[in-house]
Amino acid sequence: MNVRQRAEFLEFARELAERAGASILPQFRQAPAIDNKKAGSGYDPVTEADRAAETVMRDAIRERYPSHGILGEEFGHEPGDGLTWVLDPIDGTRGFVMGLLHWGTLVALFDGESPVVGVIHQPFLGETFSGDGHTAQYRRNDGSRKLRTRRCPRLEDALAGTTAPDLFKTSEETTGFQRIRAKARTVRYGTDCYLYAMLAMGQADLVIESGLKPYDVQALIPVVQGAGGVITDWKGGNPAMGGQVLATGDPELHELALRELGREPTP
């Protein structure tokens with residue numbers, strides 16, 4: 001994929017996210033009807049805003065790139081020619097239905113190995129964070145600037161976070177998270193995709209999560225990497241298919257965090 005194509009796809013990803021955001025906003029803080037996708041076994045809310053926003057994006061993709069595939073949280077997978085648009089219309093639906101701001105629309109283009117562009121859009125605030133793995137940009141209203149992570153080579157200085165501690169289901173995951181939490185300066189919860197945006201902006205240093213799906217993480221990868229950060233699974237591998245994810249703004253901090261996660265349990 002050449003530079004021109006990448007730029008074209010990134011601009012289209014921004015357009016998709018903004019269209020989705022425009023369809024979502026009229027329902028924000030309007031007490032939307034909520035369906036529970038895990039009724040009887042947990043809580044995984046979905047609203048008409050989720051479904052309508054994904055429909056808007058799918059229609060635009062079919063019109064512009066009819067041969068491309070689509071993978072979305074609400075309507076599943078449509079195979080294509082090897083390039084796949086990966087969509088999460090509202091990442092952070094729990095926050096959305098409570099009227100909180102830690103949610104966003106996620107759009108990525110996946111080449112079968114890694115996402116080549118990604119967008120995080122928070123429509124209520126009018127913020128868009130986008131990247132192609134080489135550079136990353138912040139836009140709000142008519143202004144824009146490059147995104148850069150900050151230096152933080154010590155876990156003891158790290159401002160860290162995760163969406164919720166109950167993401168960590170196994171004793172191994174819980175122990176790994178507790179090691180990070182014990183050493184970090186502070187840990188915040190309830191952040192969903194927005195904390196990755198703050199990491200790319202240089203406001204936070206570390207995000208640790210588990211149980212993610214491809215549509216939860218793929219849009220985040222090019223933004224974090226484009227801003228100078230590192231995002232992998234807990235073994236240091238490709239996080240594109242989700243699961244356990246570790247993101248840091250500083251490569252040295254990433255190595256330290258991986259070391260903590262890989263330590264043998266204390267007898």
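## A pair within the predicted model

In this predicted model, Arg-154 and Asp-157 are joined by a salt bridge whose closest N and O atoms are 2.9 Å apart. Arg-154 counts as partly exposed, at 44% relative accessibility, and Asp-157 is likewise partly exposed, with a relative accessible area of 27%.

The count of salt bridges in the model comes to 16. Side chains of opposite charge can pair when their charged atoms come close.

## Strand E4 and helix H2

Glu-78 and Arg-58 meet through their side chains in a salt bridge of 2.8 Å, N to O. Because Glu-78 lies in strand E4 (residues 76-78) and Arg-58 in helix H2 (residues 48-64), this pair ties together parts that are 20 residues apart in sequence. Glu-78 is partly exposed at 27% relative accessibility, whereas Arg-58, at 3%, counts as buried. Both residues belong to a network of salt bridges that links Glu-54, Arg-58, Asp-59, Arg-62 and Glu-78.

## Helices H4 and H8

Helix H4 (residues 171-183) packs with helix H8 (residues 251-262) at an angle of about 135°, their axes being 8 Å apart, and the two are therefore oblique to each other. Their crossing is right-handed. On the H4 side the contact is made by Gly-176, Phe-177, Arg-179, Ile-180 and Lys-183, and on the H8 side by Ala-257, Glu-260 and Leu-261; by class, these are four nonpolar, one polar and three charged residues.

Lys-183 also forms a salt bridge with Glu-260, with the closest N and O atoms 3.0 Å apart, and this pair links parts of the chain 77 residues apart. Lys-183 is partly exposed, with a relative accessible area of 33%, while Glu-260 is buried, at 8%.

Terms used: Residues are numbered from 1 along each chain as its sequence is written. This is a predicted model: local features need pLDDT of at least 70, side-chain atom pairs count only at pLDDT 80 or more; totals for chains, interfaces and linings use all residues. Side-chain values use heavy atoms; hydrogens and water are left out. Axes are lines fitted to C-alpha atoms, for helices over the stretch in contact, and angles run from 0 to 180 degrees between N-to-C directions. Helices (H or I, at least four residues) and strands (E, at least two) are DSSP runs, numbered from the N terminus. Angles under 35 degrees count as roughly parallel, over 145 as roughly antiparallel, 65 to 115 as roughly perpendicular and the rest as oblique. A crossing is left-handed if the near helix is turned anticlockwise from the far one by less than a right angle, and right-handed if clockwise. Contact means heavy atoms within 4.5 Å. Ala, Val, Leu, Ile, Met, Phe, Trp, Tyr, Cys and Pro count as nonpolar, Asp, Glu, Lys and Arg as charged, and the others, Gly among them, as polar. A salt bridge is a side-chain nitrogen of Lys or Arg within 4 Å of a carboxyl oxygen of Asp or Glu. Buried means under 20% relative accessible area, exposed over 50%, partly exposed in between (1.4 Å probe, protein chains only).
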